[in-house]
Amino acid sequence: MIIDHRTYSFRPGTVQKWLEKYEKDGLPIQQKYLGKFIGIFTTEVGNLHQVVFMWAYESLADRERRRANMESDPDWETFISEIWELDAIVEQKIKMLRPASYSPLR
């Protein structure tokens, strides 16, 4: 198993509008194609104006296949273009994590 860990940093005052758009339009598309949705989290302390996503996949190949299928969906293309129009995201950091042998998510 691998975990796709994404941290998105936003312009102040844009997180809530982005979250609402994602919940309504983006998440349903991703759930149709991607692996196990672990969760989405917002920061309360530390670097504010951030959202963290986590998705679990069987392998990097599984992730690549699933994302390619999603990215070919016209609804996803529409969602992405509408998200960029919000001009909310200022930075994306993506990590692939592998759980330790004793991790409960293994």
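Biologist: Starting with Asp4 and Arg6: are they buried or exposed?
Modeller: Asp4 and Arg6 are both buried, where buried is under 20% relative accessible area, exposed is over 50% and partly exposed is in between, using a 1.4 Å probe and protein chains only. Bear in mind that this is a predicted model, where local features need pLDDT of at least 70, side-chain atom pairs count only at pLDDT 80 or more, and totals for chains, interfaces and linings use all residues. Numbering runs from 1 along each chain as its sequence is written, and side-chain values use heavy atoms, with hydrogens and water left out.

Biologist: Okay. What do Asp4 and Arg6 form with each other?
Modeller: A salt bridge, with 3.1 Å between the closest N and O atoms. The rule is a side-chain nitrogen of Lys or Arg within 4 Å of a carboxyl oxygen of Asp or Glu.

Biologist: And which side chain does Asp4 meet at 3.0 Å, N to O?
Modeller: That's Arg63, again in a salt bridge. Asp4 sits in strand β1 and Arg63 in helix α2, so to speak two distant parts of the chain linked across 59 residues.

Biologist: Is Arg63 buried or exposed?
Modeller: Buried, as is Asp4.

Biologist: What else is in helix α2, and what does it span?
Modeller: Leu60 has its place there, and the helix covers residues 60–71. Leu60 counts as partly exposed because its relative accessible area is 49%.

Biologist: Back to charges. How many salt bridges are there?
Modeller: The count comes to 10.

Biologist: Which residue does Lys24 pair with?
Modeller: Asp25, and the closest N and O atoms of that salt bridge are 3.4 Å apart. Lys24 counts as exposed because its relative accessibility is 62%. Lys24 and Asp25 also belong to one network with Lys21 and Glu82, joined by salt bridges that share partners.

Biologist: Now strand β4. Where does Lys95 lie relative to Asp4?
Modeller: Their C-alpha atoms are separated by 6.0 Å, although Lys95 and Asp4 are 91 residues apart along the chain. Lys95 lies in strand β4.

Biologist: Why does Lys95 count as partly exposed?
Modeller: Lys95 gets that label because its relative accessibility is 48%.

Biologist: Changing topic: backbone. What's up with phi of His49?
Modeller: Phi of His49 is near 65°, which is positive in a residue other than glycine.

Biologist: Where is His49 found?
Modeller: In the loop between β2 and β3, with β2 covering 36–42. His49 counts as partly exposed because its relative accessibility is 34%.

Biologist: What about phi of Asp87?
Modeller: Phi there is near 50°, a positive value, and Asp87 isn't a glycine either. Asp87 has its place in the loop between α3 and β4.

Biologist: And why is Asp87 called partly exposed?
Modeller: Asp87 falls in that class because its relative accessible area is 46%.

Technical notes. Helix = DSSP H or I, 4+ residues; strand = E, 2+ residues; numbered from the N terminus.
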